[in-house]
Amino acid sequence: METILNFWNWLGENFILAQILIKIMAITLPLMGLVAYFTYAERKIIGHMQVRMGPNRVGFFGYPLWGLGQPIADAVKLMFKEIVIPTGANKFLFLLAPMLTLGPALAAWAVFPFDEGLVLADINAGLLYIIALTSVGVYGVIIAGWASNSKYAFLGAMRSAAQIVSYEIAMGFALVGVLVASGSLNLGDIVMAQQGEGGLFSWFWLPLLPLFVIYFISGVAETNRAPFDVAEGESEIVAGFHVEYSGMAFAVFFLGEYANMILISALTALMFLGGWLSPFPASWVDGVWLLGDGFHWLVLKTLIFGFLYLWFRATFPRYRYDQIMRLGWKVFIPITIVWILVVALMVLGDVLWWA
């Protein structure tokens, strides 16, 4: 009883801190559940595309339930596996690398607005914060490859470093286009700048169409997903930068990859597809709650881009490394620079036809 009273007294004295902690848990816990079942969705969706069953055995309480227990079984298996640290590896950096991959993917959600006014930290430099954090993830990959003291891991890390730096520039320029069109670095203001009578035709995907396509494709490359998964080219370099990892250290890399996929999908929906805004014109949605603006639209748009990630993996063969570099440097970067200039001229000329 005394412990409970002490806890309530602590809450009373630290009410604001407790509020922040509760909000962080309200974002992090559902996100971790979504990451776990994103792996399940990937295996089921690709299984159906390839005329396979996918997971269909592990369920709950003796019932298969379409294999819904598979992500939990995978997590329990990895928890009890030994973390083997290679001889000659830098132990501190070896264990730090997975955290540097997952940490930024979770921290980025601090400034992400889920609905109008529904955001943990409504900072004016939210876009700058997102760019900075998403750039940190590459350090986890590079450190993992170097600290493992393995040629295969090091080669995978070098490939990934060059690839991520290349596509990070294109992603940054694409977001500069969003900044120019919206006139704000605040993520909530960017969404509200897309609000208009035209519904989905008021969103930034139309005037920023090349930047929209480049941003999402660069996001696929940033997360080392097929067809840009040369850092983990199993047929060439075993498993790439995380070849020496096992147990929960490998699981954290795995979680980081899928958390980054969800983050890129959500950011694409936010920056170019109106976030929580309804695709229907305002005159159509009077009195119909589901058709109006709301969090459900953001979820739906994020799921669409998440599905595209899985579809790409089931469809496209892996690019050659030189093709990846050529696409990033000779195609994406020039297009983004030209289109930023076009959007800037439209803003200066007050030709905001999308608003």
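A cavity is a set of grid points where a 1.4 Å probe fits but cannot get out. In this predicted model, the largest cavity has a volume of about 50 Å³. The largest pocket, by contrast, has a volume of about 1100 Å³. Helix H10 (247-272) turns up among the elements lining that pocket, and H10 also packs against H4 and H8.

**Cavities**

- A search of the whole structure finds two cavities of 30 Å³ or more.
- The largest cavity is lined by Ile130, Ile131, Thr134, Glu168, Met171, Gly172, Leu175, Tyr215, Ile264 and Leu267.
- H5, H6 and H10 each give at least two residues to the lining of the largest cavity. H6 gives the most, with four residues.
- The lining of the largest cavity holds seven nonpolar, two polar and one charged residues.
- The second largest cavity has a volume of about 40 Å³. Its lining includes Val111, Pro113, Asp122, Asn186 and Gly188.
- By class, the lining of the second largest cavity has six nonpolar, three polar and one charged residues.

**The largest pocket**

- The largest pocket is lined by 47 residues. Phe253, Phe254, Leu255, Glu257 and Tyr258 lie nearest its centre.
- Six helices each supply at least two lining residues: H2 (15-49), H3 (70-79), H4 (91-107), H5 (126-147), H6 (151-182) and H10 (247-272).
- H10 gives the most to the lining of the largest pocket, with ten residues.
- The lining of the largest pocket splits into 25 nonpolar, eight polar and 14 charged residues.

**The second largest pocket**

- The second largest pocket has a volume of about 630 Å³.
- Its lining has 26 residues, of which Leu34, Trp109, Phe114, Phe295 and Val299 lie nearest the centre.
- H2, H10 and helix H11 (295-315) are the elements that give two or more residues to the lining of the second largest pocket.
- H2 supplies the largest share of this lining, ten residues.
- The lining of the second largest pocket has 22 nonpolar, three polar and one charged residues.

**Helix packing: H4 with H10**

- Two packed helices are described by the angle between their axes and the distance between the axes.
- H4 and H10 pack at an angle of about 25 degrees, and their axes are 8 Å apart. Angles under 35 degrees count as roughly parallel, so H4 is roughly parallel to H10.
- H4 passes H10 in a left-handed crossing.
- On the H4 side, the contact is made by Ala97, Pro98, Met99, Thr101, Leu102 and Ala105. On the H10 side, the contact residues include Ala249, Phe253, Gly256 and Leu263.
- The contact of H4 with H10 has eleven nonpolar, three polar and no charged residues.

**Helix packing: H8 with H10**

- H8 and H10 pack at an angle of about 170 degrees, with axes 10 Å apart. Angles over 145 degrees count as roughly antiparallel, and H8 and H10 are therefore roughly antiparallel to each other.
- H8 contributes Leu211, Phe212, Tyr215, Phe216 and Gly219 to the contact, and H10 contributes Ile264, Leu267, Thr268 and Phe272.
- The contact of H8 with H10 divides into seven nonpolar, two polar and no charged residues.

**Helix packing: H8 with H11**

- Helix H8 (residues 209-222) and H11 pack at an angle of about 60 degrees, with their axes 11 Å apart. That makes H8 oblique to H11.
- The crossing of H8 and H11 is right-handed.
- Phe212, Phe216, Gly219 and Val220 of H8 meet Phe305, Leu308, Tyr309 and Phe312 of H11.
- The contact of H8 with H11 has seven nonpolar, one polar and no charged residues.

**Backbone details**

- Most residues other than glycine have a negative phi, and most peptide bonds are trans.
- A cis peptide bond joins Ala226 and Pro227, with omega about 5 degrees. Pro227 is found in the loop between H8 and helix H9 (234-237).
- Val51 has a positive phi, near 55 degrees, and is a residue other than glycine. Val51 is found in the loop between H2 and H3.

How values were computed: Residues are numbered from 1 along each chain as its sequence is written. This is a predicted model: local features need pLDDT of at least 70, side-chain atom pairs count only at pLDDT 80 or more; totals for chains, interfaces and linings use all residues. Side-chain values use heavy atoms; hydrogens and water are left out. On a 1 Å grid over the protein atoms alone, a cavity is a set of points where a 1.4 Å probe fits but cannot get out, and a pocket is an open set with protein on both sides within 12 Å along at least five of seven lines; lining residues have an atom within 4 Å of a point. Grid points are joined across faces, edges and corners, and a volume is the space filled by probe spheres set on the points. Ala, Val, Leu, Ile, Met, Phe, Trp, Tyr, Cys and Pro count as nonpolar, Asp, Glu, Lys and Arg as charged, and the others, Gly among them, as polar. Axes are lines fitted to C-alpha atoms, for helices over the stretch in contact, and angles run from 0 to 180 degrees between N-to-C directions. Angles under 35 degrees count as roughly parallel, over 145 as roughly antiparallel, 65 to 115 as roughly perpendicular and the rest as oblique. A crossing is left-handed if the near helix is turned anticlockwise from the far one by less than a right angle, and right-handed if clockwise. Contact means heavy atoms within 4.5 Å.
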